[in-house]
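Here is a friendly walk through one protein chain, meant to be read with the structure open beside you. Start by turning the model around once, then follow along below.

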Amino acid sequence: MLRRAWKPLAATTVLIGTPSYLYYTFTKQQTFDLAVKVRGADGMPLMVNRTFSLLSQNAVKDRLIENASSDSFSRPDSTVWRYATASVAANDPLEDAHADAIIARDPSDPSAPGDWLFFTVMDGHGGPHTSRLLSKTLISAVVLELSSLIHSTDVPKSGLLEKLKLIFRTSAPKSREDPQNPEKISLAIRNAFTKLDQELINAPLSVLAANLDAESIKKNILPDLSKHPLALQTMLPAVSGSCALMAVFDTTHRHLYVACSGDSRAVAGIWEENEQGQGSWRVEVLSEDQTGRNPSELKRIQSEHPPDEAGSVIRAGRILGGLEPSRAFGDARYKWPREVQDVLNRAFLVGNDQPLRPPPSSFKTPPYVTATPVVTHRNFDFGSVARPSRSPTSRFVVLATDGLWDKLSSEDVVALVGGHLKGLKGVVSKTALLELVPTVSGAPTVEGKEKKRNNSSGSWSFEDENVSSHLIRNAFGGGDNESLRKLMSIPAPIARSYRDDTTVTVIWWEDGQEGNAKTVAFSSDNIKAKL
């Protein structure tokens with residue numbers, strides 16, 4: 001009897017137990033261990049193991065597209081412009097930012113029809129304050145400078161964002177010389193960056209000056225302005241910092257300008273075919289990573305300071321051994337004299353319990369950092385050309401903060417975008433992509449950091465609709481889902497030790513393309529390069 005009863009009981013146990021086991025297996029929160037650096041009781045660093053929850057593949061995808069967007073627009077010349085942007089944070093809050101603006105030329109403009117297209121990415125550090133401010137002001141500052149160059153009438157200093165399309169109205173030129181020649185446009189962009197940083201750095205001084213009376217000056221009394229409504233509003237963007245990278249397309253004159261302050265990077269992919277009809281993507285790097293490891297930046301900075309500082313202005317590739325980018329907005333600790341730092345710190349920050357860190361010990365002859373960019377210009381030919389199979393696109397430009405370039409090379413990025421435009425789907429080995437989407441080198445990359453990448457093994461993933469999200473996915477793991485999930489699961493601020501905030505904008509266009517052209521870099525050294 002017991003034997004006969006056992007069989008249905010056992011069957012019932014299997015039927016009930018198996019689904020329960022599967023449910024437990026697939027719903028239990030997966031975790032992983034990670035060695036994390038912390039400070040012990042004695043203040044010394046030590047490594048300890050921490051356990052973190054592992055994000056699901058769907059949760060990873062949600063984070064990749066959380067800050068993703070895309071848009072397109074067509075023009076009367078049949079050119080269709082498309083652009084996509086995505087950001088993934090390692091810091092909390094995200095310290096990167098981005099902005100874009102499209103300004104149609106006024107119909108009365110002799111250069112019309114055509115557009116000015118502006119795309120920027122900002123890589124903040126020491127907080128999000130500078131990058132966020134730049135996302136609201138940098139394009140406007142460049143537009144103002146260009147407008148004042150092109151037109152004789154003064155541009156209003158307020159309400160710019162609402163009147164961008166009106167700024168480029170036609171008016172009498174200031175001189176017979178064409179104000180829109182590439183060298184003058186490049187200089188205007190440079191000046192806009194420089195002037196905006198000067199305003200940003202000087203804003204706290206203006207607030208202080210407006211609140212000093214004659215009696216305070218006479219008695220050398222410094223007021224406590226920590227509760228002033230502009231105290232933190234002006235100080236925080238000045239003392240935090242941000243790199244900035246901007247692409248300006250002048251579609252009327254078929255010009256592209258790239259302005260770089262810092263170690264973000266712009267790269268172009270250009271489709272070319274030989275006489276046999278075999279094609280490849282040419283990788284053209286449109287900017288140089290500006291850090292102390294860039295030989296031209298090292299030479300420039302050393303030339304701006306006394307000879308006895310030649311060995312200390314750059315240490316371990318960093319400004320005074322601290323800041324990595326050699327050009328940036330804000331970063332007033334590397335620009336204000338010591339006395340100014342002390343006064344502004346006491347007036348604005350001490351009372352807010354946010355004291356300014358003292359400058360580095362080797363700080364002697366500021367400023368050590370500049371926001372003045374290197375601006376490169378390229379002439380484009382929008383005529384008809386051969387295009388890769390199944391794709392109407394033959395040109396694209398990628399702007400990205402250094403979080404992307406820490407993980408991917410310029411060649412990787414061009415191949416990944418080329419594969420995305422080709423319509424590749426699924427997981428593709430890295431060696432297979434080299435055959436499916438061949439690339440050739442054009443202008444080389446000037447790396448701003450020491451990087452060790454394993455480009456020979458592993459695989460890429462082609463599953464994201466947004467091409468910028470696609471690049472970030474492949475920077476953080478690609479076809480290796482487990483590595484991707486782990487890297488994306490590390491929370492802030494620990495994540496910053498393994499990856500950086502990453503922002504990517506990709507711009508491409510159809511039924512138009514640029515031909516071979518010469519690139520000229522307009523900087524203080526008038527660097528020339530072939531593109």
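## A helix and its cover

Helix α13, spanning residues 481-489, has L484, R485, L487, M488 and S489 as its buried residues. What covers them? The elements over the buried residues of α13 include the strands β1 (31-39), β2 (45-53) and β4 (80-88), together with helices α2 and α12. Please keep in mind that this is a predicted model.

Two of those covering helices also pack against each other. Helix α2 (residues 57-66) and helix α12 (residues 467-475) have axes 9 Å apart and an angle of about 130° between them. If you want to see the contact itself, look for K61, L64 and I65 on the α2 side, which meet S469, I472 and R473 of α12.

## The chain as a whole

Stepping back, the chain contains 13 helices and 21 strands. Of its 531 residues, 50% are buried. Taking contacts between residues at least 6 apart in sequence, 72% join residues at least 24 apart. The chain exposes about 25,600 Å², and 53% of that comes from carbon and sulfur atoms.

How confident is the prediction? The mean pLDDT of the chain is 85, with 81% of the residues reaching 70 or more. Over residues 1-16, however, pLDDT is below 50, and this stretch has two contacts in the model beyond near neighbours in sequence. Residues 381-386 also stay under 50, and for them the model has 14 contacts beyond four places in sequence. Where pLDDT is low, the predicted coordinates should not be read in detail.

## Loops to look at

Is S226 buried or exposed? S226 sits in the loop between α5 (214-219) and α6 (231-239). With a relative accessible area of 5%, S226 falls under the 20% cut-off, so this serine is buried. Leaving aside residues up to four places away in sequence, S226 touches A231, A347, F348, G351 and N352.

Most residues other than glycine have a negative phi, and most peptide bonds are trans. The table lists the exceptions discussed here.

| Site | Backbone feature | Value |
|---|---|---|
| P366 to P367 | cis peptide bond | omega about 5° |
| A492 to P493 | cis peptide bond | omega near 0° |
| R254 | positive phi | phi about 60° |
| A316 | positive phi | phi about 55° |

Where do these sites lie along the chain? P367 belongs to the loop between α8 (338-349) and β14 (374-379), while P493 is in the loop between α13 and β19 (502-510).

R254 lies in the loop that links β7 (241-250) and β8 (255-261), and A316 is in the loop between β11 (314-315) and β12 (318-319). With a relative accessible area of 40%, R254 is partly exposed. A316 has a relative accessibility of 61% and therefore counts as exposed.

Notes. Residues are numbered from 1 along each chain as its sequence is written. This is a predicted model: local features need pLDDT of at least 70, side-chain atom pairs count only at pLDDT 80 or more; totals for chains, interfaces and linings use all residues. Side-chain values use heavy atoms; hydrogens and water are left out. pLDDT is the predictor's confidence in each residue, from 0 to 100. Contact means heavy atoms within 4.5 Å. Helices (H or I, at least four residues) and strands (E, at least two) are DSSP runs, numbered from the N terminus. Buried means under 20% relative accessible area, exposed over 50%, partly exposed in between (1.4 Å probe, protein chains only). Accessible areas come from the Shrake-Rupley method with a 1.4 Å probe; for residues, only the protein chains shown count as cover. Axes are lines fitted to C-alpha atoms, for helices over the stretch in contact, and angles run from 0 to 180 degrees between N-to-C directions.
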